[in-house]
Amino acid sequence: MSERFTGSFTQQEPIPQAGIDAAMRVLQSGRLHRYNVAVGEHGETALLEQEFAAMVDAKYCLAVASGGYAMATALRAVGVKAGDKVLSNAFTLAPVPGAIAAVGGVPVFVGVTRDLTIDLDDLAAKADQASVLLLSHMRGHMCDMDRLMAICGAAGIKVIEDCAHTMGAKWGDTHSGRHGVMGCYSCQTYKHVNSGEGGLLVSDDDELMARAIMLSGSYMLFERHLAGPPKEAYALIKYETPNISGRMDHLRAAILRPQLADLETQVQRWNDRYRAVEQGLADTPGLTVIKRHAKESYVGSSIQFLLEGWNGEAVNAAIARCAARGVELKWFGGAEPVAFTSRYDSWRYAPSEAMPGTDEILRGIVDMRLPLTFSESDCAQVARIIRAEVSAVYQAS
């Protein structure tokens, strides 16, 4: 009888006891708002910002309501206005073009390579079309950041990094989010730290971070930010910047701080699981495992593979066969958006031109979450099931 996987692809690990205890202290105090602190207290949110800035070697950090809010705030801070074009990945999730649309910008989509990273040749060809790149490290895959920054530097393009899937990752010795002028991170349930919703924004630029803090709804309480610029940075900004409230509260910050302290351990655990699936899928007929660049230190919280040259019927058949055995796969090549998967031509609020090469790659991308509630043996079993069912469809087609 064929084995069947019984784990849940949406079940996260419990919040650490230290986070639960800290959250209870916040609840018992009644002071959940980030600026509502007792005399002599800094508050959980300000401490979280300070700790995350230190962790990624950033000068400043701002905690906000979501990763999407962080991206929109970064775009506003660098000066994107209604009608301005913004370069971004064609292969990404909807919050990325959504952030551009939120500020009235117009995405200019850049293609994807077989490594699932932004196509740097296409970026170079389109570099004269915009002065800002919102770069998505989609599903944890980082492109050659040295070449990307050289292209953008030569063209005068400001880079904002979407690091929703790369918190804890590095390119060489540099943390994800630290190449561009601002880096944006998500603390949503399915990311690398879990507060249900939440986001973090980092920068070394005094003016950009002062704008971001004012945008987030600091009123005139900006001096309470331990990881913020000096008060002189706000001299004019405090009069010019609208309040678009999106603060993080002490409750979520309390939950997050112990998780950040343990992130390095969690990254290793994710990568052990990733490698178990990767090894199990190696040399599967009809399936291509994504290659990682030697300079990239990744976080394997999800895994992707390509079914190159497959038609939609065959891809759907393989996904259905895996689902029947308890393995949940998502396909980024479908004509209609499903769950969190969608294509650049699905976002009708964002005009796009046909990109045949990118379309061909998107038609083959299959995605799977790897929650830490899976053991390494679970991951090996999942890989066996995928291998068997993909091989069966491939051989029959």
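A helix here is a DSSP run of H or I with at least four residues, numbered from the N terminus. With that settled, one more point before the details: this is a predicted model.

M24 belongs to a nonpolar surface patch, made together with I20, L27 and L32, of about 310 Å². Is M24 buried, exposed or partly exposed? Its relative accessibility is 40%, so M24 counts as partly exposed, given that the range for that word runs between 20% and 50%.

From the surface I move to the inside. The largest nonpolar core has 44 residues. Which of them touch the most other members? They are F52, L123, L133, L148 and L200. Helix α6, residues 145-155, supplies the largest share of this core, with four residues. Take L123 as an example from that list. Leaving out neighbours within four places in sequence, L123 is in contact with L87, V110, L133, L148, I151 and C152. Apart from this core there is another one, of 33 residues, and V64, A72, V86 and A210 are among them.

Next, two backbone angles. Most residues other than glycine have a negative phi. D57 is not a glycine, yet its phi is positive, at about 60°. Where is D57 found? It sits in the loop between α2, residues 44-55, and β1, residues 60-64. D57 has 55% relative accessibility and therefore counts as exposed, the cut-off being over 50%.

The second case is D283, again a residue other than glycine, with a positive phi near 65°. D283 lies in the loop that runs between α10, residues 263-281, and β10, residues 288-289. The relative accessible area of D283 is 72%, so this residue is exposed.

T284 is placed in the loop between α10 and β10 as well. Is T284 buried or exposed? T284 has a relative accessible area of 3%, which means that it is buried, as the limit is under 20%. What does the side chain of T284 reach? It reaches the backbone oxygen of L281, at 2.7 Å. Setting aside neighbours within four places in sequence, T284 is also in contact with R387, V390 and S391.

Key. Residues numbered from 1 in each chain as written. Predicted model: local features only at pLDDT ≥ 70, side-chain atom pairs only at ≥ 80, totals over all residues. Heavy atoms only, no water. Helix = DSSP H or I, 4+ residues; strand = E, 2+ residues; numbered from the N terminus. Buried < 20%, exposed > 50% of the residue type's maximum accessible area, 1.4 Å probe, protein only. Polar contact = N/O pair within 3.5 Å; in protein donor to acceptor, adjacent residues only side chain to side chain. Contact = heavy atoms within 4.5 Å. Patch = residues over 30% accessible without salt bridge, like charges linked within 9 Å, V, L, I, M, F, W, Y side chains within 5 Å. Areas by Shrake-Rupley, 256 points an atom, 1.4 Å probe, with all protein chains shown as cover. Salt bridge = Lys/Arg side-chain N within 4 Å of Asp/Glu carboxyl O. Core = buried A, V, L, I, M, F, W, Y, C linked by side-chain atoms within 4.5 Å.
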